[in-house]
Amino acid sequence: MIHDCFTFSEIFLFFRFLKLFRYQKNLYSIKLEAERCVPAMKKMLYERLIQYILENQDRFYRVAYSYTRHQEDALDAVQSAVCKALESHESIKNADAIRAWFYRILINECLMVLKKRKRMMPNSDDLHQEEVYYEKGYDQDDDIEKELDNLEFDVQEIIKLRFFEELSLKEISCITGLNLNTVKTKLYRGLKQLKEHIQEAGLWEI
């Protein structure tokens with residue numbers, strides 16, 4: 001019996017790895033299939049997009065999970081974003097715009113997942129959050145993350161994109177569709193509120 005050799009936790013992690021591995025293989029399959037349809041003059045930007053996607057899969061999953069809080073939904077959101085990005089790659093203006101352009105697609109896919117979930121109105125058991133996936137360099141403190149979740153949704157989004165994903169304010173403005181001054185205002189107000197909440201919770205010694 002398999003339980004004689006492995007704990008339930010080890011079995012769960014093994015199957016989780018298989019899911020992520022299949023997802024990675026799908027990205028390479030999409031790459032090979034789409035390459036056949038790329039016009040020559042767009043080939044360089046297309047190859048840059050492919051390279052960017054392949055090099056940042058873990059980062060994209062992490063962002064999607066921060067929105068959906070569910071592994072399967074996060075994987076689906078990333079895969080949908082990749083497909084849409086490859087289908088509409090000709091709309092990329094230049095290589096420097098790839099990051100913000102792709103993040104906007106990804107976040108829109110995450111929001112679509114949340115809207116769909118809300119319409120389905122699942123039972124409370126279905127909302128059970130899985131163990132959080134962490135990437136090296138992204139080990140957030142659970143208490144601080146909880147305080148961050150208490151902020152307005154768009155403020156959370158801006159703070160996460162600015163400090164966790166290290167995007168510029170200009171890129172965040174492009175991704176969220178907010179003008180630059182609004183992004184700055186929401187960021188600074190959100191940081192002030194977050195600091196106050198952390199201090200009130202006794203998580204930050206003054």
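**Entry 1: burial and overall build**

I began with burial, and buried residues make up 37% of the 206 residues in the protein. I call a residue buried under 20% relative accessible area, exposed over 50%, and partly exposed in between, using a 1.4 Å probe and protein chains only. I noted that this is a predicted model, where local features need pLDDT of at least 70, side-chain atom pairs count only at pLDDT 80 or more, and totals for chains, interfaces and linings use all residues. Residues are numbered from 1 along each chain as its sequence is written, and side-chain values use heavy atoms, with hydrogens and water left out.

Next I looked up the elements, and I found 9 helices and 0 strands. Read from the N terminus, they run α-α-α-α-α-α-α-α-α. Helices (H or I, at least four residues) and strands (E, at least two) are DSSP runs, numbered from the N terminus.

**Entry 2: helix 4**

I checked the length of helix 4, which covers residues 71-87. At 1.5 Å a residue, its 17 residues should span 24 Å, and the end C-alpha atoms are 24 Å apart, which agrees. The expected span here is 1.5 Å times one less than the number of residues. I also listed buried residues in helix 4, among them L75, V78, V82 and L86. Q71 and D73 are buried there too.

**Entry 3: salt bridges**

How many salt bridges does the count come to? I got 9 salt bridges, taking each as a side-chain nitrogen of Lys or Arg within 4 Å of a carboxyl oxygen of Asp or Glu. A reminder to myself: side chains of opposite charge can pair when their charged atoms come close.

I looked at E47 and K43 and found a salt bridge of 3.4 Å, N to O. Both residues lie in helix 2 (residues 43-55), 4 residues apart, which is about one turn of the helix. E47 is partly exposed at 41% relative accessible area, and K43 is partly exposed at 38%.

Then I turned to E171 and R99, whose closest N and O atoms are 2.6 Å apart in a salt bridge. This pair links distant parts of the chain, with E171 in helix 8 (residues 169-176) and R99 in helix 5 (residues 98-120), 72 residues apart. I read E171 as buried because its relative accessibility is 14%, whereas R99 is partly exposed at 28%.

I also looked up K186 and D154, whose side chains meet in a salt bridge of 2.7 Å, N to O. K186 lies in helix 9 (residues 180-200) and D154 in helix 7 (residues 153-164), so the pair ties together parts that are 32 residues apart in sequence. K186 is buried at 15% relative accessible area, and D154 is partly exposed at 23%. I noted a network as well: salt bridges that share partners join R59, R62 and E165.

**Entry 4: the second largest pocket**

I found about 200 Å³ of space in the second largest pocket. On a 1 Å grid over the protein atoms alone, a pocket is an open set of points where a 1.4 Å probe fits, with protein on both sides within 12 Å along at least five of seven lines, and lining residues have an atom within 4 Å of a point. Grid points are joined across faces, edges and corners, and the volume is the space filled by probe spheres set on the points.

Which residues line the second largest pocket? I listed S91, I92, K93, N94, D96, A97, A100, W101, E171 and C174. Helix 5 and helix 8 are the elements that give two or more residues to this lining. By class, I have 5 nonpolar, 2 polar and 3 charged residues. Ala, Val, Leu, Ile, Met, Phe, Trp, Tyr, Cys and Pro count as nonpolar, Asp, Glu, Lys and Arg as charged, and the others, Gly among them, as polar.

**Entry 5: cysteines**

I searched for disulfides and found 0, a disulfide being a pair of cysteine sulfur atoms within 2.5 Å. C110 is buried at 0% relative accessibility, while C174 is partly exposed at 38%.

**Entry 6: positive phi**

Most residues other than glycine have a negative phi. R69 sits in the loop between helix 3 (57-68) and helix 4. Is R69 buried or exposed? R69 is buried, with a relative accessible area of 15%.

I noted E166 too, where phi is near 60 degrees, a positive value in a residue other than glycine. E166 is in the loop between helix 7 and helix 8, and I count E166 as exposed because its relative accessibility is 57%.
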